[in-house]
Protein chains: 2
Amino acid sequence: MSDSIKSNPTRKTHSLTPENKETPISFVQTDVTSAKFFYLRNHFSYPSFTYQNHWLSISGLVDIPMLFSMQDIRKLPSKKIKVVLECAGNKRSLFQPKVFGEQWEKGGMSHGYWKGVSLLTLLQMTGIKKEVKEVIFESHDMGTQPSTDQPLPYSRSLPLNKAIHPDTILAYEYNNEPIPYKHGFPLRLIVPNWYGMASIKWLKHIKLADKEFGGHFQTKDYVFYPHVNNDNDSFPVTVQNVNSSIQQPTDLQILSTGKIQITGIAWTGKGYISKVEISTDGGITWSNALLKKKESYGWVSWSFEWVVWQTGEYTLLSKATDSHGRVQPESPFWNRKGYGYNATDRVSVKIE
Amino acid sequence: MSDSIKSNPTRKTHSLTPENKETPISFVQTDVTSAKFFYLRNHFSYPSFTYQNHWLSISGLVDIPMLFSMQDIRKLPSKKIKVVLECAGNKRSLFQPKVFGEQWEKGGMSHGYWKGVSLLTLLQMTGIKKEVKEVIFESHDMGTQPSTDQPLPYSRSLPLNKAIHPDTILAYEYNNEPIPYKHGFPLRLIVPNWYGMASIKWLKHIKLADKEFGGHFQTKDYVFYPHVNNDNDSFPVTVQNVNSSIQQPTDLQILSTGKIQITGIAWTGKGYISKVEISTDGGITWSNALLKKKESYGWVSWSFEWVVWQTGEYTLLSKATDSHGRVQPESPFWNRKGYGYNATDRVSVKIE
């Protein structure tokens with residue numbers, strides 16, 4: 001009977017077609033996110049293509065256009081890096097006023113080890129013409145969505161300097177296994193430090209270009225629109241904001257007096273997390289949390305022991321600072337599509 | 001590859017010890033809730049006891065105290081009824097002001113076929129002394145929780161008239177299978193029309209008494225406390241309120257113009273659902289939804305075809321009426337522990 005008593009967390013379902021589910025982030029405290037808890041964020045139904053036909057093409061402004069089989073790619077020098085992938089809409093449900101779109105809580109993010117070849121390695125084989133400004137990536141998946149009239153493939157670009165960063169990789173393994181189909185098998189672009197929309201699954205084509213790419217997923221979607229009724233002052237979603245989340249306790253939880261472990265995670269798209277501060281009095285006073293070891297682009301786990309003997313209601317806050325001096329703001333940067341929420345994290349608890 | 005493309009909904013995790021998870025109610029539209037989607041609401045860790053030792057005792061104010069084995073119980077005449085079980089805290093997250101406790105969304109409920117023997121059948125064998133007022137039920141599970149100082153078993157009572165209703169059954173099958181362990185194997189009390197806290201899992205003892213039972217789970221918990229700071233005017237949680245939920249679309253979803261199916265469910269603890277009305281203009285005008293067939297104590301599914309050609313933001317509402325004339329209120333009955341939420345259901349959508 002012991003097996004039937006085991007309690008595993010499960011992902012919250014936002015939609016099934018496309019499949020969008022978030023990681024049970026408050027209940028997964030292991031060092032890497034296993035594939036079964038990894039958040040799912042898709043724009044379309046899953047693509048269907050046969051692995052046997054899978055070739056990666058690199059064309060456009062190169063010296064030698066090339067086709068790579070998975071065998072070719074696996075023979076090249078590889079690297080394995082731990083990376084936080086975070087949906088640009090992570091925490092969207094926390095915006096006030098509410099924004100339309102899927103109401104992601106804190107679980108639109110996961111981290112683990114991605115192994116693959118640096119895109120730079122392949123581009124050194126094809127050559128890069130000197131007028132290249134951007135590298136455009138196209139996925140096998142395509143379809144329509146409410147705001148588009150006709151089918152379009154999932155496609156985005158990176159500026160050349162980000163594309164040739166040695167840690168921008170074409171990954172074929174996640175946590176030492178082939179990447180699961182739903183997460184981009186057989187080949188996924190991994191762009192550390194950028195929001196997850198850049199880490200394109202089911203990678204099919206790469207094209208080098210001398211001008212800015214005007215694709216839907218970087219000129220219409222994945223754009224910060226600061227105003228309700230017009231598109232003024234808009235700018236694209238790219239690098240992750242400095243951020244932190246309280247995993248335990250959960251919001252509006254009822255607890256007993258005594259020692260309470262406040263635990264959570266922090267991450268940033270620039271440099272590293274230098275400090276996580278905790279307030280147990282709604283932001284009046286702050287203390288440093290204990291940071292655990294962090295690897296490459298993974299998140300850092302933190303903990304704070306709170307001793308409380310007085311019953312009542314408390315507001316707990318976490319606030320991360322990164323090595324570039326970026327600090328989580330008290331209020332989020334509201335934008336119409338609800339991207340990049342990174343206000344200080346907040347949970348209310350009642351001590352009985 | 002087709003198997004790996006299948007998308008099944010998963011339950012949202014509220015806590016693991018005890019295990020509390022809600023049904024992905026917006027994504028499960030089948031006629032019964034399968035065990036893997038059934039909501040889990042526990043007060044303690046799972047009890048451990050051996051099936052071989054499982055005996056049900058009936059004692060107290062009876063003529064003949066008796067012990068029943070599962071074999072005894074399975075030999076008696078049985079009945080199979082479809083029942084909605086709904087956590088008293090279902091939709092707690094919707095209260096304003098917020099209340100402390102687990103923030104259940106709409107999925108603290110499930111329905112399916114329970115098969116077992118009427119409690120009345122057993123009580124006819126033991127006899128019922130004429131001074132009996134209540135029947136007390138005790139489960140195998142026990143433990144502590146924040147508001148209690150010492151271990152206590154999960155135990156509650158029913159007034160005699162409800163206990164001897166022929167549809168109050170001791171169930172041993174769910175959807176034609178033995179009840180899964182997490183849902184009360186081998187024997188669960190099923191109390192149609194009452195909130196789920198009455199349908200006690202892992203049933204161990206039944207005792208007949210001549211006075212009101214003062215157990216924690218009906219005098220402290222599962223009590224409506226209408227005031228923030230005192231216990232005045234409190235009364236116990238019993239019969240389900242009339243209620244309805246919109247399953248699709250989901251709140252803050254972005255949709256395209258055209259025909260949109262609004263679908264959902266409705267249920268009540270008194271009589272049957274006589275009407276479900278839908279508003280697509282925030283409550284100014286209402287139209288009747290189409291009700292599907294309903295069995296015994298199951299919920300009724302409903303649908304409404306909405307044709308919309310004008311882009312913009314809309315508030316959709318559903319409002320159920322039952323055969324006792326009870327109607328969902330515009331605002332919920334706020335209470336400190338957040339039970340029995342049944343305001344008209346509401347989702348906002350944006351048509352693009």
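Biologist: What makes A:D231 and A:R336 a salt bridge?

Modeller: The term requires a side-chain nitrogen of Lys or Arg within 4 Å of a carboxyl oxygen of Asp or Glu. In A:D231 and A:R336 the closest N and O atoms are 2.8 Å apart, so the pair meets the definition. A:D231 sits in the loop between strands 13 and 14 of chain A, and A:R336 in the loop between strands 22 and 23, 105 residues apart. Strands (E, at least two residues) and helices (H or I, at least four) are DSSP runs, numbered from the N terminus. This is a predicted model, where local features need pLDDT of at least 70 and side-chain atom pairs count only at pLDDT 80 or more, while totals for chains, interfaces and linings use all residues. Residues are numbered from 1 along each chain as its sequence is written, chains are lettered from A and ligands numbered from 1 in the order in which they are written, and side-chain values use heavy atoms, leaving out hydrogens and water.

Biologist: Is A:R336 buried or exposed?

Modeller: Buried means under 20% relative accessible area, exposed over 50%, and partly exposed in between (1.4 Å probe, protein chains only). A:R336 has 19%, so A:R336 counts as buried. A:D231, at 44%, is partly exposed.

Biologist: Why is B:K211 called exposed?

Modeller: Its relative accessible area is 57%. The salt-bridge partner of B:K211 is B:D210, with 3.5 Å from N to O; B:D210 is partly exposed at 33%.

Biologist: How do you know that B:D221 and B:K337 tie together separate parts of chain B?

Modeller: The two form a salt bridge with the closest N and O atoms 2.5 Å apart. B:D221 lies in the loop between helix 5 and strand 13, and B:K337 in the loop between strands 22 and 23, so the linked parts are 116 residues apart in sequence. B:D221 is buried, at 10%.

Biologist: Which residues form a salt bridge from chain A to chain B?

Modeller: One such pair is A:K12 and B:E105, with closest N and O atoms 3.0 Å apart. The rule finds two salt bridges across the interface, and A:K12, A:E105, B:K12 and B:E105 are linked in a network.

Biologist: How many residues put the two chains in contact?

Modeller: 43 residues of chain B touch 43 of chain A, contact being heavy atoms within 4.5 Å. The buried area, meaning accessible area (1.4 Å probe) lost on being put together and summed over both parts, is about 3500 Å². Carbon and sulfur atoms give 64% of that area.

Technical notes:
Buried area = accessible area lost by both parts, 1.4 Å probe.
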